[in-house]
Structures are given as structure tokens and as C-alpha cells.
Amino acid sequence: MPQKFLDVLMLGRCSHEFSWPRRAADGQYYQVCLLCAVEYSYDWTTMRRTERVDRSQSASETEGATTTRRSRTRARKPTWVPRARRLKIDTPVRYRVKNLGSWYEGTIANLSQSGVLLQGPQRFPDNTLVEMVFEMPEEISGQKNSTVLCQGRITRTKDGREKAVKEKTENTGLAASILDYKFLHQS
């Protein structure tokens, strides 16, 4: 980690480790590099970063945007919102109640703007804070082989009645929103 930091400061290059996509006041999504703080627009439709965001607007532009935002908040919100695009992955995950107990092994079925769907042996009640360790896909993190520790909240639980042939265990589907994550660097 210190070498990466020195590279960014001295040489101006960065290997970019991106945060989970965030939503700006204007409704557009963006990602921030956790190492050099540069921001890029993010398109959930294609699950790709697009162009670099320049936040050096003049005061008059910012003031005009604020006025526009206020008028939009009065607009009626749609009653139906389409589902977020899912990135289907089959990657191992370790999960547990935040800061408690032992880790459980499972798999992540899909990942989206709204969170993850994982399959595993342990069921947790809705609103439980959980920790998950898995490899974040390159489409989100910007790097290959990037293991992350995620903080999340269980939003929905689905009992699995499908029995694995060899293990003869029932898996539970857990949907969790991702609140935050950090990269775990192997030394």
C-alpha cells in the first residue's frame, strides 16, 4: 500500500480502486478512486465507467444547478421503478453477522446497483447488519482479483427448498444492500 501511495504522489499514476457507484445530487452515478480521489461517471446500464468528472464548476453554474434541483424535487415520483440490472456471477462468499460469530460459506448469485443476492446455509432476519468477503467483479472495482470486505444490510430472505445432491443441505437466499466496502490487500 505505501508503494502505491508513493506512485500516485510522485509519478502521477494510479492503479485505481473504485468505490461503489454513488449518486450525485443531479441523479447521475459516479465512482471515486479510493487512492487518488479522481471521479468518473458510471453507467449502470452497461456497468462501465465512462468519462472523468470535472468538479471545478464556477459558482454561477453550481447555483443554477441548485435551482433546477429544487424544482425537480416537486415533480411526482413514478410509482413503478424498473429492476436494477443484474450482473450474474457465481463467486464464493464468506458472510456473518457484523463483528459477531463464525463465518459461513456461500456463493453470490448476482450483483446489482441495489446490492447482492447470495446463497448460503445460514438465515438472518431482515435488517441484520452483515459482513461479506468476496472478490468484487472487475466491472465494479476496476481491478482483477480485488477481494473486498463489504458491510451490508439484509433486505430480504428467501428459503431455499432445493437440496444439494452431494451435501444434502438447504440453502437460503439472502438479498443484501451494500452499505460500504474496503479492499483487502494481500501482503
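The model is predicted, so local features need pLDDT of at least 70 and side-chain atom pairs count only at pLDDT 80 or more, while totals for chains, interfaces and linings use all residues. Residues are numbered from 1 along each chain as its sequence is written, and side-chain values use heavy atoms, with hydrogens and water left out. Helices (H or I, at least four residues) and strands (E, at least two) are DSSP runs, numbered from the N terminus.

**The open sheet**

- Four strands make an open sheet in the order E1-E2-E3-E4, with antiparallel pairing; two strands count as paired if DSSP finds at least two bridges between them.
- E1 and E4 are the edge strands, each pairing on one side only.
- Strand E2 (residues 29–32) runs antiparallel to E3, and three bridges join them; here Tyr30 has Ser41 in E3 as its bridge partner.
- The hairpin of E2 and E3 has six residues between the strands, and Ala37 there takes a positive phi near 70 degrees.
- On to the next pair: E3 and E4 also run antiparallel, with three bridges joining them.
- Tyr40 has Arg52 in E4 as its bridge partner, and Asp43 stands opposite Arg48 in E4.
- Four residues sit between E3 and E4 in their hairpin, and Met47 in the turn has a positive phi of about 55 degrees.
- E3 is mostly covered, with four of its five residues buried; buried means under 20% relative accessible area, exposed over 50%, and partly exposed in between (1.4 Å probe, protein chains only).

**Aromatic rings**

- The structure holds nine aromatic pairs; rings of Phe, Tyr and Trp (its six-membered ring) pair if their centres lie within 6.5 Å, and planes under 30 degrees apart count as stacked, over 60 as edge-to-face and the rest as tilted.
- One of these is the tilted pair of Trp20 and Trp44, at 5.9 Å centre to centre and 55 degrees between the planes.
- Trp20 is in the loop between helix H1 (2–11) and strand E1 (22–23), and Trp44 is in the loop between strand E3 (39–43) and strand E4 (48–52), so their pairing ties together parts 24 residues apart in sequence.
- Trp20 counts as buried at 13% relative accessibility, and Trp44 does too at 7%.
- Trp20 also forms an edge-to-face pair with Tyr181, at 6.3 Å centre to centre and 90 degrees between the planes.
- That pair ties together parts 161 residues apart in sequence, because Trp20 lies in the loop between H1 and E1 while Tyr181 is in strand E10 (residues 170–183).
- Trp20, Tyr29, Tyr42, Trp44, Tyr181 and Phe183 form one aromatic cluster.

**Charged side chains**

- There are two salt bridges, each a side-chain nitrogen of Lys or Arg within 4 Å of a carboxyl oxygen of Asp or Glu.
- Arg94 forms one with Glu105, their closest N and O atoms being 3.8 Å apart.
- Arg94 is in strand E5 (residues 86–97) and Glu105 in strand E6 (residues 104–112), so this link ties together parts 11 residues apart in sequence.
- Arg94 is partly exposed at 35% relative accessibility, and Glu105 is exposed at 52%.
- Arg96 and Glu131 meet in a salt bridge at 2.7 Å, N to O.
- With Arg96 in strand E5 and Glu131 in strand E8 (residues 129–136), the pair ties together parts 35 residues apart in sequence.
- Both partners are buried: Arg96 at 17% relative accessibility and Glu131 at 5%.
- Arg94 also lies over the face of Trp103, at 4.9 Å from the ring centre; a charge sits over a ring if NZ of Lys or CZ of Arg is within 6 Å of the ring centre and within 35 degrees of the ring normal.
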